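Please examine the structure shown below before reading the briefing. The points that follow are grouped by topic.

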Amino acid sequence: MTAFAFSTVAHILSEPGITKHLGALIAERFPGTHRPFIVTDAGFLRTGLLDLPRLSLEQEDMAAAVFSGVVADPPEAVVLEAVDAARRHEADLVIGFGGGSSMDVAKLVAVLADSRQAIGDIYGIGKVSGKRLPLVQVPTTAGTGSEVTNIAIVTTGATTKTGVVAPRLYADLAVLDAALTLGLPPMVTAATGIDAMVHAIEAYTSKHKKNPLSDALAREALRLLSRNLIRACEQGDNLEVRQAMLLGACLAGQAFSNAPVAAVHALAYPIGGIFHVPHGLSNSLVLPHVLRFNLPQAADLYAELAGVVVPHASGSEEVRAEALIVAMQQIGKMTGIETTLQQVGIGEADLDRLADDAMLQTRLLGNNPRELTRADARAIYAAAL
Ligand SMILES: NC(=O)c1ccc[n+]([C@@H]2O[C@H](COP(=O)([O-])OP(=O)(O)OC[C@H]3O[C@@H](n4cnc5c(N)ncnc54)[C@H](O)[C@@H]3O)[C@@H](O)[C@H]2O)c1
Ligand SMILES: [Fe+2]
């Protein structure tokens, strides 16, 4: 068996409603905390779902500050603003409370608030050094799995998405409370849920770091997500379904944090960066076309995953692999999210720029089971039009 390494967040709590007691949890697990700093976005703040957790912090005599300036696909300036606010608050613990955007910013606040490193020093892999504030992550979308990954994605310059990847980005504690996700609109539920499924699929076929633990997590993630995604869109208030989605996304996050994602994400990033299409939807738009491109190298693994997503599929490896692709396409269609680039305002004239930008994602493209050239990237975008 090939040697491998696997890391994840040491503590995970999964229980509907548990964030009502966030203050007590933090007091117990992080004694001496007085000034927690919550990172979230204005949309989530408006839901009022932060009120009880915040109150619970106050009840433990903690002076919590809330930074709600996160925006989707957070630009560097927002990260710096949050770091500044955390310093002014003299934060002694950081809580990411929201979707991937908020949790990613929280990671960077935790490593930069008390550090001599500038943000420009830490882009890339393994560049974070120095202290990090204690970090608690509370996802409110069932998608990115950022609560258990060692990655933060920042929009740098006008449109490029750049990653910070480092062991220090693993939180100390992740809290999965589906009560926070009951009001997630169906389209956000669908797009973020498909993002999580892509994490599992790409981890399972990752070229360099595929490993037995990530494989097991990816399979269980796909089982949970494929059984519950449509139901979560149709019955948003079903707590059990929502908790299964949150767990599925978390397991997929653990998988891809160790066996990283590849061309689906590489081609999705420019769609998000340039056209501000939400991350999960960007992934979903290119997914079937990248999977078809990968078939010559990955049919065996896709066939194995078909056994999880469409267990009734039978026939040759190729036929079962194709069944997985069709199933993913059908999930997209059933949820009603957009399925073509044109539907999100992207036209033929944009394809060259998208292909150029996708080729910059060398960290991700290197993990793809099949080597992908610029011409391939352009052809995939053309197929997705
Ligand atoms: N670090 C990682 O491992 C990782 C992995 C994948 C993606 N990402 C990054 O994560 C970001 C995307 O995160 P996301 O898809 O979770 O979306 P998001 O965090 O950008 O949030 C999307 C929208 O959903 C709203 N929202 C969030 N929770 C809600 C709730 N419970 N009820 C109602 N509305 C709610 C937010 O207000 C926001 O408008 C991108 O920047 C992407 O690059 C990071
Ligand atoms: Fe993703």
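This is a predicted model: local features need pLDDT of at least 70, side-chain atom pairs count only at pLDDT 80 or more; totals for chains, interfaces and linings use all residues.

Local features here need pLDDT of at least 70 and side-chain atom pairs count only at pLDDT 80 or more, while totals for chains, interfaces and linings use all residues. Residues are numbered from 1 along each chain as its sequence is written, chains are lettered from A and ligands numbered from 1 in the order in which they are written, and side-chain values use heavy atoms, with hydrogens and water left out.

- Helices (H or I, at least four residues) and strands (E, at least two) are DSSP runs, numbered from the N terminus.
- Two strands are said to pair if DSSP finds at least two bridges between them.
- E5 and strand E8 (residues 160-165) run parallel and are joined by two bridges.
- Isoleucine 125 has valine 165 in E8 as its bridge partner.
- Strand E2 (residues 36-41) is largely enclosed by the rest of the structure, because five of its six residues are buried. Buried means under 20% relative accessible area, exposed means over 50%, and partly exposed lies in between (1.4 Å probe, protein chains only).
- E2 pairs with strand E4 (residues 93-98) in the parallel sense, over four bridges.
- Within E4, glycine 96 stands opposite valine 39.
- In a regular strand, side chains alternate between the two faces of the sheet.

## The iron site

- Asp195 (OD), His199 (NE2), His265 (NE2) and His279 (NE2) coordinate the iron ion (ligand 2) at 2.1 to 2.2 Å.
- Donors are N, O and S atoms within 2.8 Å of the metal (3.2 Å for Na, K and Ca); water is not among the atoms, so sites may look incomplete.
- Along the chain, the donors of the iron ion (ligand 2) follow the spacing D-x3-H-x65-H-x13-H.
- The site of the iron ion (ligand 2) is irregular, with angles of 84 to 164 degrees among its four donor atoms.
- Four donors count as tetrahedral if all angles lie between 85 and 135 degrees; four count as square planar and six as octahedral if opposite donors are over 155 degrees apart and all others between 65 and 115; anything else is irregular.
- Aspartate 195 and histidine 199 are about one helical turn apart, because four residues separate their positions in helix H7 (residues 186-204).
- Aspartate 195 is buried, at 2% relative accessible area, and histidine 199 is also buried, at 2%.

## Positive phi angles in loops

- Aspartate 61 is a residue other than glycine with a positive phi, near 65 degrees.
- Aspartate 61 is placed in the loop between helix H3 (51-59) and strand E3 (65-70), and it is exposed at 66% relative accessibility.
- Aspartate 73, again not a glycine, has a positive phi near 50 degrees.
- The loop between E3 and helix H4 (76-89) holds aspartate 73, which is buried at 15% relative accessibility.

## Salt bridges

- The structure holds twelve salt bridges, each being a side-chain nitrogen of Lys or Arg within 4 Å of a carboxyl oxygen of Asp or Glu.
- Arginine 88 and aspartate 84 form one of them, with their closest N and O atoms 3.6 Å apart.
- Because arginine 88 and aspartate 84 are four residues apart in helix H4, about one helical turn separates them.
- Arginine 88 is exposed at 61% relative accessible area, whereas aspartate 84 is partly exposed at 39%.
- Aspartate 114 forms a salt bridge with lysine 131, the closest N and O atoms lying 3.3 Å apart.
- This pair links distant parts of the chain, 17 residues apart: aspartate 114 is in the loop between helix H5 (100-112) and helix H6 (119-122), and lysine 131 is in the loop between E5 and strand E6 (135-139).
- Arginine 374 and aspartate 356 form a salt bridge with closest N and O atoms 2.6 Å apart.
- This pair also links distant parts of the chain, with arginine 374 in helix H15 (residues 374-384) and aspartate 356 in helix H13 (residues 351-358), 18 residues apart.
- A network of salt bridges links Glu348, Asp352, Asp356, Arg374 and Arg378.
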